[in-house]
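This briefing covers selected local features of one protein chain.

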Amino acid sequence: MISDLHSVYPDLYGKEYDEKEMDKRFSHLVEKHKELFGNNDPAIFSAAGRTEIGGNHTDHNLGCVIGGSVNLDTIGAVSKRNDNRVIIASEGFPVVDVDISDLEVRSGEKNGTDSLVRGIAKAFKERGIDIRGWEANTTTKVLGGSGLSSSAAIEVLIAEIFNNLFNDDNLSPIELAKIGKYAENVYFGKPSGLLDQACCAHGGVIGIDFKDNDNPVITPVDVSFEDYGYTMIITDTRGSHADLTGEYAAVPPEMREVAAYYGKKNLREVAFSDFLRDIKDIREKIGNDRALLRAYHFFTENKRVGFMLQTLQEGDIDGFLAFVTESGNSSFRFLQNVYPSSSPKDQGVSLAIALSEEILQGEGAVRVHGGGFAGTIQAYVPLSMKNKYIAGMESLFGKDCSMCIAIRKRPVSRLI
């Protein structure tokens, strides 16, 4: 059974992976399933984490982004049940047991996986699609708090299990992403956009245009950064996200303050030329310079995403990396999400960027990764400098703070 996965591994984990280590990981998953549920022939599913490549904090104002699924995944062994219970035993977490006969929102389930199960089942039911019970055990390499979207990975995994076991994979990856977002927004209680779920579900590198938020336009790009002599490295600065909710939450409404000047809800509905023409009057009316700067970031980042997509499509890696640097600088200077204004002494991300630039000496590129304020940075490092770069990061942030990331080609799916 496990040997059947060998042909799948390259599409999941890129060019560098340990086949024996992967066999051991999946074998342990199956053995654990038999121990928990008595079935030694379960279906095997995998959903990837994701990395944001371009479009920092643009999606929530109907902007454009680039993201990619990565070679760190959540895997699950799954068996059907004869009732309406969904049971999930995730390694390191309490067992989730949900009766999907009841799909009402429960306030006591907020921020829990049980709320996601119930919300995803509800979304399937509202579409008139079959839902029944199943049991699974999961394990993940998508580290929580790493900016790689461990929550979105489990959401699209749950959705794909319903989709595959009972509906012949009739729903597309983007539909699964929408279902995950619905569950996260309505049941889990987190007002996220669609970026994370779309990247986790789709596979590969994709550009996403959210102008029509209900029907985002997906542009796949076939790219492997290793082919150009670079590896993507995510470094966790190990700063706490505690008490940063207000910092994150302030970004979308401040951008929308500028949109509201024009009677619009989102900045995507405003012309950049109009913003530049009216900037003095907007400043006087809203009295918030940071909102103006964040709006400026939105307009320029949105254009930049188009250029980044073009360079990737044309194989212009130098042009792409130059835009990565521009994106990072715009986030730092204008979006201002590299460190929390409420805690100016905590600047781990800023330090990581500074040290990266010192190590790289103009080679590659580095930027804040994901939401910012604390957390991770993303660097494109020449393969010849990989060990030096990681050693430098570990000297400041500790052992195993850096992860080499490859783009995963396969969407969320059943493997066997």
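Helices are DSSP runs of H or I with at least four residues, and they are numbered from the N terminus. In those terms, His297 has its place in helix α9. The structure is a predicted model, and local features are reported only where pLDDT is at least 70. A search of the whole structure finds 24 salt bridges and one cavity of 30 Å³ or more.

**His297 and its surroundings**

- His297 has a relative accessible area of 0% and therefore counts as buried, the cut-off being under 20%.
- A polar atom of the His297 side chain lies 2.8 Å from the backbone oxygen of Asn56.
- Leaving aside residues up to four places away in sequence, His297 touches Asn56, Met255, Asn302, Ser330, Ser331, Phe334 and Leu335.

**The loop between β1 and β2**

- His57 is located in the loop between β1 (43-54) and β2 (64-80).
- The phi angle of His57 is near 60 degrees, which is a positive value in a residue other than glycine.
- His57 counts as buried because its relative accessibility is 11%.
- Leu62 also has its place in the loop between β1 and β2.
- For Leu62, phi is near 65 degrees, again a positive value in a residue other than glycine.
- With a relative accessible area of 15%, Leu62 is buried.

**Salt bridges**

- Side chains of opposite charge can pair when their charged atoms come close.
- Glu52 and Arg367 form a salt bridge through their side chains, with an N to O distance of 2.8 Å.
- This pair links distant parts of the chain, since Glu52 is in strand β1 and Arg367 is in strand β9 (residues 365-369), 315 residues apart.
- Both Glu52 and Arg367 are buried.
- The side chains of Glu135 and Arg81 meet in another salt bridge, at 2.7 Å from N to O.
- Glu135 is buried, at a relative accessible area of 10%.
- A salt bridge also joins the side chains of Glu254 and Arg290, with an N to O distance of 2.7 Å.
- Here the linked parts are helix α7 (residues 245-261), which holds Glu254, and helix α9, which holds Arg290; the two residues are 36 residues apart.
- Arg25, Asp73 and Arg408 are linked in a network of salt bridges.

**The cavity**

- The largest cavity has a volume of about 30 Å³.
- Its lining consists of Val223, Tyr228, Thr311, Leu312, Gly315, Asp316, Ile317 and Phe320.
- Helices α9 (289-314) and α10 (317-335) are the elements that give two or more residues to this lining.
- By residue class, the lining of the largest cavity divides into five nonpolar, two polar and one charged.

Conventions:
Residues numbered from 1 in each chain as written. Predicted model: local features only at pLDDT ≥ 70, side-chain atom pairs only at ≥ 80, totals over all residues. Heavy atoms only, no water. Buried < 20%, exposed > 50% of the residue type's maximum accessible area, 1.4 Å probe, protein only. 1 Å grid on protein atoms, 1.4 Å probe; cavity = no way out; pocket = protein on both sides within 12 Å on 5 of 7 lines; lining within 4 Å. Points joined across faces, edges and corners; volume = space filled by probe spheres on them. Nonpolar A, V, L, I, M, F, W, Y, C, P; charged D, E, K, R; others polar. Polar contact = N/O pair within 3.5 Å; in protein donor to acceptor, adjacent residues only side chain to side chain. Contact = heavy atoms within 4.5 Å. Salt bridge = Lys/Arg side-chain N within 4 Å of Asp/Glu carboxyl O.
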